[in-house]
There are 2 protein chains.
Amino acid sequence: MLRKIKYTLIGSPLPSEMLAEKRLNKVRALAAFSPDALSSVAYANQEIFLGLVIAGASGLSLQFPIAIGITLLLVIVALSYAQTIRGYPSGGGSYVVARENLGTYPGLVAGGALLLDYILTAAVSLTAGVAAIASAFPILWPHRVWIALGLLLLIMFLNLRGIRESGTVMAAPVYLFLFSFLGMLLYGGIRAAIQGTPVSLAASAPAAIEPLGIFLILHAFSAGCTALTGIESISNGVPAFKPPEWLNARKTLIIMAFLMAILFLGSMGLTQFFGVVTRPDETILSALARRLLGTGPIYYLVQFSTLAVLAVAANTSFAGFPRVAAILAQDKFMPRQLFNIGDRLVFHNGIILLSGLTALLIIVFNGDSHALVPLFAVGAFTAFTLSQSGMVIHWFKEKKAGWQFKAFINGLGALVTFFALIIIGISKFLEGAWISVLVIPGFVYLFLKIRRHYHKVADQLSMHGLPPSLRPLPKPRVVIPVSAVHRGMVDAVNLARSITDQVLAIYIDVDPGPDEDELHKRWNKWYPDVEFVVVPSPYRSIVEPLLAFLEKTDHEHNDGQQAFLVLPELIPASSWQEILHNQAADEIKKALLYKSRQSGLQRIIIDVPYHLEK
Amino acid sequence: MLRKIKYTLIGSPLPSEMLAEKRLNKVRALAAFSPDALSSVAYANQEIFLGLVIAGASGLSLQFPIAIGITLLLVIVALSYAQTIRGYPSGGGSYVVARENLGTYPGLVAGGALLLDYILTAAVSLTAGVAAIASAFPILWPHRVWIALGLLLLIMFLNLRGIRESGTVMAAPVYLFLFSFLGMLLYGGIRAAIQGTPVSLAASAPAAIEPLGIFLILHAFSAGCTALTGIESISNGVPAFKPPEWLNARKTLIIMAFLMAILFLGSMGLTQFFGVVTRPDETILSALARRLLGTGPIYYLVQFSTLAVLAVAANTSFAGFPRVAAILAQDKFMPRQLFNIGDRLVFHNGIILLSGLTALLIIVFNGDSHALVPLFAVGAFTAFTLSQSGMVIHWFKEKKAGWQFKAFINGLGALVTFFALIIIGISKFLEGAWISVLVIPGFVYLFLKIRRHYHKVADQLSMHGLPPSLRPLPKPRVVIPVSAVHRGMVDAVNLARSITDQVLAIYIDVDPGPDEDELHKRWNKWYPDVEFVVVPSPYRSIVEPLLAFLEKTDHEHNDGQQAFLVLPELIPASSWQEILHNQAADEIKKALLYKSRQSGLQRIIIDVPYHLEK
């Protein structure tokens with residue numbers, strides 16, 4: 001039944017040969033890789049506004065200058081990634097680039113940062129998208145957590161189904177967003193040109209709470225750096241482009257960076273020009289759209305397309321996270337289940353893990369993208385810095401024609417992103433950056449611990465030095481736990497008697513009374529040749545007295561290496577009936593497999609099912 | 001490790017002999033059994049207010065008359081239960097009384113109603129308690145769901161620990177509540193006497209939204225009937241009293257009913273006298289307390305004691321629900337695990353089940369006691385009616401001296417509670433009573449279905465007619481699934497070879513490639529005498545191809561009755577490492593035990609563990 005539900009939700013399994021990927025042309029590729037980068041404007045603007053508004057009008061007058069600074073950063077980082085595309089035409093994610101060029105540890109730091117980054121992309125995009133739509137419909141504002149979780153669930157199921165046609169399906173929201181947003185900016189620009197002089201911020205801005213200091217400016221700048229997130233995505237997916245892959249990917253990157261710059265500078269500029277400010281339950285972008293377009297159908301279209309592009313941006317994490325997790329799993333840094341390909345040819349465990357962690361972040365941070373951004377920026381800029389530094393080393397190692405220029409560009413990228421990372425880390429430390437500063441090394445520790453485990457296991461399982469022997473098994477004692485004299489244990493007793501003459505039936509007595517004698521008599525009537533013992537259980541546990549009895553007596557009755565237990569198990573006809581039976585057999589199996597290690601015995605369990613009918 | 005956490009939270013196990021109960025004197029007994037009944041005032045008042053306020057001042061002027069009507073009902077029901085105490089000195093819960101006197105089906109209806117009632121007592125008491133404290137601290141108002149869930153968790157853990165000293169610990173909140181509340185009523189009464197003429201409701205009451213009709217009055221009356229909930233609790237616990245049990249219990253019941261009447265009439269009267277009305281984010285009792293005492297320390301004391309007594313009231317469900325569930329489980333109407341006594345000598349499964357269902361109600365109804373009350377009233381009055389009807393039959397059957405009078409009292413009780421049930425069912429139907437009207441028969445259906453299952457199982461397990469034979473097992477084919485040639489499967493292969501000569505190793509190939517030939521060669525090097533087959537798995541599942549292979553080949557290689565599988569299983573040193581390994585062995589075991597029934601074969605699984613070191 002569970003299987004049926006699963007297949008209805010995610011579709012029936014697909015055979016392995018369907019795994020081959022289709023190549024994307026530039027229009028589709030832009031739609032597939034850019035949503036995360038383009039939609040960053042939806043939260044970066046908000047962060048800059050929130051960072052500056054506390055200094056009142058004089059703070060808000062810095063919106064546009066800060067936007068220009070961040071755009072410069074954007075240009076450098078974009079050029080830098082254009083180099084990465086050339087250097088790693090097979091897809092140069094931060095983890096791969098950093099590990100190959102800087103070594104295992106920096107690679108793992110990049111990997112950890114990247115995983116964190118993907119989780120936060122999903123969480124921030126969803127919460128910012130819900131904030132956009134809740135700005136339009138204030139009645140939704142108090143329910144943002146639930147709406148975000150609902151969207152997350154939807155995206156999770158779509159990804160578990162395996163969205164094959166990502167390029168096509170995703171294109172609609174992306175181009176809708178570009179169309180409506182660029183249209184709004186154009187219209188706003190014309191209105192601004194006609195009006196000529198900007199609206200005075202002094203009139204609309206709230207009173208300053210804090211003086212405008214350098215720290216406050218750096219703070220707003222570092223918050224706005226989230227505008228750059230997602231810019232690296234094309235460099236991860238170069239092989240998905242049509243040939244010549246690197247050239248098409250690079251062109252697409254340039255177009256994307258150009259669009260990012262226009263969206264960001266345009267919206268920041270118009271916000272400042274028209275002196276737009278906002279309430280706590282509306283985003284600054286919504287306030288800008290309302291100011292320019294009024295609360296009419298076009299305004300709603302803009303808000304809806306913002307939600308749609310952010311949902312698609314969250315979806316890009318569902319492609320990225322499972323892939324990086326699978327690469328880490330293949331390198332034995334994460335549980336190997338993350339490398340398993342599920343029924344629908346996707347890394348289903350990675351998708352489920354990402355969904356769980358994203359849901360956790362949304363709940364813990366109460367669906368507030370503003371609270372999540374400091375964590376986000378640290379992860380993103382750590383990955384940027386390591387990836388760019390790795391590229392510098394790459395060019396140094398390669399030393400092909402023109403390598404100095406390439407190394408310079410990447411070096412500049414590494415330097416400015418590192419500088420931004422330091423600013424973010426310091427100015428946002430107490431607001432949540434500390435979490436990322438702890439989590440990333442935590443991930444690295446976990447990665448190393450997991451690999452150590454796998455290596456140890458591999459050593460232990462090696463057949464090296466093992467003599468090819470066949471040890472004849474001595475006739476062992478066989479123990480059967482019984483709960484009553486009933487048909488369900490007849491086969492088990494017969495099987496035990498066929499193995500050995502030393503069979504012992506054991507009854508764990510949780511409720512002392514006259515029943516035991518009765519049981520003993522019935523037993524002797526049926527199996528006079530099989531010994532029967534009653535073990536009292538003052539703490540009403542089935543497992544522990546059984547285990548204690550075995551530990552006490554097994555060594556004298558066996559060869560000290562193996563001990564046998566025959567376990568009669570009633571199997572109900574349908575799985576819902578499971579809950580109507582004590583799961584004693586399961587508990588005994590688990591306990592014997594796991595706890596028996598102390599005794600040094602290898603306990604072999606022979607499970608004899610008895611199938612109940614309907 | 002899980003065990004350690006568990007013991008830290010709920011304490012280490014207790015031996016069975018500590019099960020004997022201590023008897024309670026009247027003061028302690030009142031504290032133990034009355035919180036639910038006494039605290040009903042906290043939501044009944046609220047319901048009457050909300051029911052009448054929509055008719056404005058003329059509606060609110062009926063508060064006191066309705067309170068008098070409900071108090072009359074209270075007197076009749078209390079007298080009625082005084083008879084139950086005499087008739088069932090061993091504890092006459094509605095289920096027992098209804099089943100013994102009216103038959104199985106009415107008994108099960110009463111049982112279902114009772115279970116629902118306990119769940120709703122917990123949910124309504126917690127949400128009403130949180131509303132009381134959030135009225136005092138409005139900042140808490142939006143977080144009521146979380147606070148209620150936190151309290152629920154706390155109460156759950158306390159009960160899993162097993163609160164032995166219930167009488168003593170519970171006494172403090174109950175007497176604090178009585179002391180502060182009765183004090184407030186006395187003070188209010190004096191002020192009312194000095195003032196003389198009541199405050200005009202016309203001044204304070206909001207405008208009427210609906211006209212004052214008979215339906216509106218019945219509606220408010222039926223909502224206020226929740227003031228009676230909990231009155232039956234003493235009749236369930238007669239054996240806990242000191243001897244003469246029935247007499248002490250009856251005296252305590254009279255005192256409790258008297259206190260209930262004073263609290264209810266007093267608070268309703270003062271509310272109407274002073275023309276108190278309230279906002280949506282404050283309870284009417286809080287508004288009354290604020291009016292009488294101002295927003296000072298005494299007001300906070302009253303609100304805090306209301307929360308405390310309601311939390312204790314919720315706690316009474318944690319004594320009642322698991323006990324009723326255990327009685328039903330003993331009668332085979334519920335899963336037998338509910339009859340198991342846990343480590344701390346409590347019905348731990350019942351406690352966990354109750355907590356889960358209560359949490360579900362709190363979440364679904366958004367922590368709003370007003371939304372829960374219609375469901376609550378139906379359950380409570382169904383149980384009242386059936387229990388009282390059962391008592392009438394009881395006296396008729398017994399026909400001892402004075403039975404006519406006793407039967408008359410219980411008959412009157414049955415009649416008025418049935419009448420109230422009809423009013424509640426009709427007037428509150430659309431507001432949620434329909435849920436209870438569906439859930440109670442749903443419970444009954446489930447009870448019957450569960451019992452049918454247990455009866456069928458018992459028939460199948462009967463040894464009746466079974467010949468006492470020992471069937472010698474033929475030499476079977478034994479199959480070993482392997483994932484690689486490693487040390488972990490050496491013991492398994494040896495064991496299989498010791499059982500039979502027909503051993504077959506099977507490798508499920510999820511990723512076709514040149515590896516298989518390599519593996520085959522290694523296998524032949526180590527075990528030239530054991531056949532090795534590779535089974536491809538185009539859908540990457542381990543279990544299904546294995547099962548399909550066995551289904552196809554087992555019949556020809558075995559006697560058609562039993563088939564053997566030897567399962568090598570790697571056991572990590574600590575359980576957290578489990579997540580680093582594919583749980584293929586577990587999946588295979590589950591699948592073979594459950595799915596193999598189609599083939600008609602009994603599949604015996606021999607589990608050979610290999611213990612990994614740290």
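**Helix α12 of chain B**

I looked up what the buried residues of α12(B) pack against, and found α4 (41-53), α6 (63-87), α18 (369-398) and α19 (403-427) of chain B, where contact means heavy atoms within 4.5 Å. The helix spans residues 214-224, and its buried residues are B:Leu216, B:His219, B:Ala220, B:Phe221, B:Ser222, B:Ala223 and B:Gly224; buried stands for under 20% relative accessible area, with a 1.4 Å probe and protein chains only. Helices (H or I, at least four residues) and strands (E, at least two) are DSSP runs, numbered from the N terminus.

I note that this is a predicted model, in which local features need pLDDT of at least 70 and side-chain atom pairs count only at pLDDT 80 or more, while totals for chains, interfaces and linings use all residues. Residues are numbered from 1 along each chain as its sequence is written, chains are lettered from A and ligands numbered from 1 in the order in which they are written, and side-chain values use heavy atoms, with hydrogens and water left out.

**Helices α6 and α18 of chain A**

I then checked α6(A) (residues 63-87) against α18(A) (residues 369-398), whose axes come within 10 Å and cross at roughly 50°; axes are lines fitted to C-alpha atoms, for helices over the stretch in contact, and angles run from 0 to 180 degrees between N-to-C directions. That angle makes α6(A) oblique to α18(A), since oblique covers what is left after under 35 degrees (roughly parallel), over 145 (roughly antiparallel) and 65 to 115 (roughly perpendicular). Among the residues in contact are A:Leu73 and A:Tyr81 in α6(A), and A:Phe381 and A:Trp395 in α18(A).

**The sheet across both chains**

I traced an open sheet of 10 strands with mixed pairing, in the order β3(A)-β2(A)-β1(A)-β4(A)-β5(A)-β5(B)-β4(B)-β1(B)-β2(B)-β3(B); two strands pair if DSSP finds at least two bridges between them. The edge strands are β3 (531-536) of chain A and β3 (531-536) of chain B, each pairing on one side only. The twist averages 25° from one strand to the next.

**Strand β4 of chain B**

I looked at β4(B) (residues 562-571), which is mostly covered, with 9 of its 10 residues buried. It pairs in the parallel sense with β1(B) (residues 478-481) over 2 bridges, and B:Val479 stands opposite B:Leu565. It also runs parallel to β5(B) (residues 602-611), to which 10 bridges join it; there B:Leu570 has B:Tyr610 as its bridge partner, and B:Ile571 stands opposite B:His611.

Technical notes: Buried means under 20% relative accessible area, exposed over 50%, partly exposed in between (1.4 Å probe, protein chains only).
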